[in-house]
Amino acid sequence: MTVTTREQCAALDREDPLRGLRDEFELPKGVIYLDGNSLGARPRSAAARAAQVVTEEWGVGLIRSWNTAGWFQLPQRLGDKIAPLVGAKPGEVVVTDTTSINLFKVLAAALRVQAARDPARKVIVSERSNFPTDLYIAQGLADLLQQGYELRLVDAPEQIGAALGADTAVLMVTEVNYRTGHLLDMRAVTAQAHEKGALAVWDLCHSAGALPIDLHAAGADYAIGCTYKYLNGGPGSPAFVWVAPALREQFWQPLSGWWGHEAPFAMAPGYRPAQGVQRYMCGTQPITSMALVECGLDIFARTDMQALRAKSLALTDLFIALVESRCARHPLTLVTPRDHARRGSQVSIEHPQGFAVMAALIERGVIGDYREPRILRFGFTPLYVGFADVWDAVEVLRDVLDGETWKDARFQARSAVT
């Protein structure tokens, strides 16, 4: 159906089987939030949960809450709730630390496994447009090891296969590109890596909670991801890590902290890694932040990833169509693939004055974000974004462009976070 009116969008919202999930989130009035790919909205239950942790579990339970409130088991419990969203099994995922730290752990582990198999494999292959922290971690680890490791970058997904060779130890890629929204075929790309004897490390930050993932079916080796985007865990909430069972007990923990010890309260002077997912932890867990992750994850129990994916594609299809029809006379260039098989849950559009245009949109209550170079980035979280939101957002975009309000000086000044 071609959508040409707001009423048609409102009708789609009334027919949406996921419409009730929007009520699970606290969204400000007058705001169309299209930045869940950067920071998810707050679940309504999060404020009460935070108060419970602070006033009851910490305030009254004190140190006893590590046992009585289940703090000690929380990383594994959250991991078990993420597992079905990424195609993992119970006991295979743990929530802990940050994405960057977890990437350091699994990349170090993968390189160690490969060094034992074939010491000549010294290359880490990735995309030049990969999220910068992934590249920085790989560069830093290569420098730290000082054994001839190097990072080899490709300029397009189509070049990955050719970049893999007998010298490749690890392929390190992100399933959905943060800038373009390009979705990689995890199964096919992993098969390319394995064919050349490389291990595949996947960053799921822009795909977990946004689209169906099956790590086992894809044959992936390692995966990491954050919880504060589509999983709605809160600002800076802890990340997660998964390792294929065949490699799990080979996992060398380069950050061998006491929380990953097989018996942390034995207080032994020597490190012995725990069995299973516990070995992927390092230090004492940030319980207040971690507790809020559960609020976001529990909402997913009311739906499934196939339903969310279907709505995501419908929302992004509509947004692309409306922008192209209602803003046609402006210099907007679609960056995100049109093909459903290659699109995540965001739409990236280039404009010569992208930063200023986004700043003007945000002032009008349409919150997306900006990424260099010149990219307006709009994230569509099916849990709380509706079809009328899409219509209204495009109308504001059209008004900002038609009226050239983005030219105002106040929209040129950059804040620390864009």
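**Close-up 1. Asp 317 and Arg 343 meet in a salt bridge in this predicted model**. The N to O distance is 2.9 Å. Asp 317 belongs to helix 12 (residues 305-326), while Arg 343 sits in the loop between strand 11 (333-334) and strand 12 (346-350). The pair links distant parts of the chain, 26 residues apart. Asp 317 is partly exposed, at 30% relative accessible area. Arg 343 is buried, at 1%.

**Close-up 2. Glu 249 pairs with Arg 279 in a salt bridge**. Their closest N and O atoms are 2.8 Å apart. Glu 249 is partly exposed, with 37% relative accessibility. Arg 279 is buried, with a relative accessible area of 4%.

**Close-up 3. Lys 105 and Asp 97 form a buried salt bridge pair**. The closest N and O atoms are 2.5 Å apart. Lys 105 is buried, and Asp 97 is buried too.

**Close-up 4. Salt bridges link five residues in a network: Arg 326, Arg 329, Glu 395, Arg 398 and Asp 402**. The structure holds 32 salt bridges.

**Close-up 5. Helix 11 (residues 287-299) carries buried residues**. Among them are Ile 287, Met 290, Val 293, Leu 297 and Ile 299. The buried residues of helix 11 pack against several elements, including strand 1 (25-26), helix 2 (45-58) and helix 4 (74-86).

**Close-up 6. Val 54, Trp 58, Leu 62 and Ile 63 make a nonpolar surface patch**. The patch covers about 440 Å². Leu 62 is in the loop between helix 2 and helix 3. Leu 62 is partly exposed, at 48% relative accessible area.

Terms used
Residues numbered from 1 in each chain as written. Predicted model: local features only at pLDDT ≥ 70, side-chain atom pairs only at ≥ 80, totals over all residues. Heavy atoms only, no water. Buried < 20%, exposed > 50% of the residue type's maximum accessible area, 1.4 Å probe, protein only. Helix = DSSP H or I, 4+ residues; strand = E, 2+ residues; numbered from the N terminus. Contact = heavy atoms within 4.5 Å. Patch = residues over 30% accessible without salt bridge, like charges linked within 9 Å, V, L, I, M, F, W, Y side chains within 5 Å. Areas by Shrake-Rupley, 256 points an atom, 1.4 Å probe, with all protein chains shown as cover. Salt bridge = Lys/Arg side-chain N within 4 Å of Asp/Glu carboxyl O.
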